[in-house]
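Subject: Handing over the structure, with notes

Dear colleague,

I am passing this structure on to you, together with some notes on what was found in it.

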Amino acid sequence: MALTGLQIFKLLPKTNCGECAVPTCMAFAMKLAAKSVDLAACPYASEEARKTVGAASKPPIRLVKIGPPGSEVAIGNETVMFRHEKTFVHPTAFAMAFADDQPLSGLSHSIAEAREYCLERVGEKLRLDLILADNVSEAVAPFVALVRTAAGATGRGMILRSDNPEALEAALQTLDGQRPLIHAATPANAESIAALALQYKAPLVARAATLDQLAELTGKLAGLGVKDIVLDLPADNPAAILQNNTVIRKAALKNTYEPLGYPIINFATGRDAASAVADACTFICKYASIVVLDRMEYEALLPLMMLRQNLYTDPQKPIQVEPKVYPVGEPGPASPVLTTSNFSLTYFLVSGELENSGVPAHLVIVETEGMSVLTAWAAGKFTGSRIAAAVKASGIEGRLTARRLIIPGCVAQISGELEEALPGWEVLVGPAEAVDLGPYLKRNAAR
Amino acid sequence: MGYNHAVVAQSPIDVNMCKQLNILLSNMGVPPEKIVIDPNTGALGYGLEYTYSVMERIRTSALMGDGMLAWPMLVTPGHEVARTKESRAPESDFPQWGKGPERGALLEIATAISLLNAGADLLVLYHPEAARTVGRKIQEMAQGSE
């Protein structure tokens, strides 16, 4: 249960000594409540204060790390039901599953594909995060062979799915020190699988048939010393999974219900591509920390990568590109000059349309703190003087034979003030929509 | 109102403007059962998360008692996704995007399902495959968790 500033203040020395780098204990207490400082900064905090504040600041959903250093994946530690309340924190990890009942030689191509897959979008490189090895054969040797090959070939964190404790142990030995996620401990085998998890310092999936059984199981595992747990409550119907995910997230956040305070794993496997995409989207939207996939079709991965990127954007920190002059094509001294905001989406849309137009151009990107054109104008970040300053600072004036600046149609109203701020320049009002840039530039090329 | 039609109230991904429009329509005498909210759909990769969050905010406000946001929501994944480069470009131009024909449908499905999770009540789709899959998923989800 989160403590208020006042509750924390009552536990502090109240001497206002300032050694925590904050002037008063009250101010320090408010910062502690906002989790923007650590109690460790106060040299005089009592044991009681440390215990109480420590317990209250324990994350409601455990942070779990999977995989070897270098390609470690962090999941959990979410703090909201809805991204607009603050933000989602750790993007859903995608795990590609491979079964050990296929000849390994046949799988090596797909495993390599899983390693190589990289989608570049809006300046980010999007990849598959984990590999799941499935012990379908229930035998030890093929499982170990698959695990060794997949881990070695991809360097990614592994999920070891097996009902055979012997196979699990053999695989864990192979991956010693690489922190794979063990799937899974159940009410029937909790003690023995927990022992493996502790011995190999590996996080552990807790799997049960109902929410109550799951809560009981995690309580048992925690009692045995297992801290890094991931929850699996299997269901065929995506509605059931949606409901379970929601109940778990709510219990952890709203009720600080510790037995369910862990990240969730969902499976979007064993389906046709359309169903897999549809279900995976629901899981990504609604609280899954790991989604397991078994299809490598690029057209099926594309929407999932894009959705994850979109949903896990911090609503308060829109993605931005560096403000500077971007050449589109190979522009020369007579090429048109355009300007727009540094919101990533704006930049990629506009530059994309400019590329398509086939007309080389100079694109002056103005620092607008990631706001779109109209938003930035309304906030006074995309005004005549700000654009003029960006143009002057870029040094592009010296490289041009014709000084004509095309502004986005939505801010036609600034053309006068911009011309005043940029003497010697002609300001043209371009189209309101990026998609009209091509025709606009071709029409005006003759000038 | 003269011909007893329902009206779609469209606002530019803004909770306050959505509410204001609904108030204006209500004050003009449009019956409550004749209004549908359109928060303006952004396609996957082109502003989806803005629509998504605005819809969640509209729906949660309505469920907590805000009568001027308590209407069904309409989304247009078909139109928006069809405009995107990702739904139309040939695989040869962008091999990382996979096969062209299937891709358009899957992008529309992803946009539609995401907005369904944000509270969409009426989805306007273009691709027949998307309509089939999304329709099937709605049936599955409506049957509930047995």
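Where in chain A does Thr368(A) lie? Thr368(A) belongs to the loop that runs between S15 and helix H13 (373–378) of chain A. Please bear in mind from the start that this is a predicted model, and that the values below were computed from it. Although Thr368(A) sits in a loop, its relative accessibility is 0%, and because buried means under 20%, Thr368(A) counts as buried. Setting aside neighbours within four places in sequence, the residues in contact with Thr368(A) are Ser341(A), Asn342(A), Phe343(A), Ala376(A), Lys381(A) and Phe382(A).

The two chains

Chain A has 447 residues, of which 51% are buried, and it holds 16 helices and 17 strands. The C-alpha trace of chain A spans about 80 × 70 × 35 Å along its principal axes. If you take the contacts in chain A with a separation of 6 or more, 65% of them are accounted for by residues 24 or more positions apart.

Chain B has 146 residues, and buried residues make up 47% of them. Its six helices and four strands follow one another from the N terminus in the order β-α-β-α-β-α-α-α-β-α, while the C-alpha trace of chain B spans about 55 × 40 × 30 Å along its principal axes. Among the contacts in chain B with a separation of 6 or more, residues 24 or more positions apart account for 64%.

In which order do the five strands of the open sheet in chain A come? The order is S13-S15-S14-S16-S17, and the pairing is mixed. At the edges are strand S13 (325–328) and strand S17 (426–429) of chain A, each of which pairs on one side only, and from one strand to the next the twist averages 30°. Within this sheet, strand S14 (residues 337–341) and strand S15 (residues 361–366) of chain A pair in the parallel sense over five bridges, and Leu338(A) stands opposite Leu363(A) in S15(A).

Helix H12 (residues 344–357) of chain A packs on the sheet, where it touches S13, S14 and S15 of chain A, and its direction makes about 175° with that of S15(A). Helix H14 (residues 384–394) of chain A, for its part, lies across S13, S14, S15 and strand S16 (404–407) of chain A, and it runs at about 120° to S15(A).

A buried isoleucine in chain A

Is Ile193(A) buried or exposed? Ile193(A), which is found in helix H7 (residues 190–199) of chain A, has a relative accessibility of 1% and therefore counts as buried. Not counting residues up to four places away in sequence, Ile193(A) touches Leu168(A), Ile182(A), Ala184(A), Ala185(A) and Leu204(A). For Ile193(A) and Leu204(A), the separation is eleven residues in sequence and 8.4 Å in space, taken from C-alpha to C-alpha.

A helix in chain B

Helix H5 (residues 100–117) of chain B has 18 residues and reaches 26 Å from its first C-alpha to its last, which is close to the 26 Å expected at 1.5 Å a residue. Why can H5(B) be called largely enclosed by the rest of the structure? The reason is that 14 of its 18 residues are buried. Just after H5(B) comes Gly119(B), which takes a positive phi of about 115°.

Spaces inside the model

The structure holds six cavities of 30 Å³ or more, and about 110 Å³ of space lies in the largest cavity. This largest cavity is lined by 14 residues, and those nearest its centre are Val122(A), Asn310(A), Ile319(A), Leu345(A) and Glu49(B). Helix H11 (298–311) and H12 of chain A, together with helix H2 (48–63) of chain B, each supply at least two residues of that lining.

The second largest pocket contains about 970 Å³ of space and is lined by 34 residues, with Ser57(A), Lys58(A), Pro59(A), Pro60(A) and Leu253(A) lying nearest its centre. The elements that give two or more residues to the lining of this pocket are helix H3 (47–56), helix H8 (211–223) and helix H9 (238–254) of chain A.

With best wishes

Terms used:
Residues are numbered from 1 along each chain as its sequence is written. Chains are lettered from A and ligands numbered from 1 in the order in which they are written. This is a predicted model: local features need pLDDT of at least 70, side-chain atom pairs count only at pLDDT 80 or more; totals for chains, interfaces and linings use all residues. Side-chain values use heavy atoms; hydrogens and water are left out. The expected span of a helix is 1.5 Å times one less than its number of residues. Buried means under 20% relative accessible area, exposed over 50%, partly exposed in between (1.4 Å probe, protein chains only). Two strands pair if DSSP finds at least two bridges between them. Axes are lines fitted to C-alpha atoms, for helices over the stretch in contact, and angles run from 0 to 180 degrees between N-to-C directions. Contact means heavy atoms within 4.5 Å. On a 1 Å grid over the protein atoms alone, a cavity is a set of points where a 1.4 Å probe fits but cannot get out, and a pocket is an open set with protein on both sides within 12 Å along at least five of seven lines; lining residues have an atom within 4 Å of a point. Grid points are joined across faces, edges and corners, and a volume is the space filled by probe spheres set on the points.
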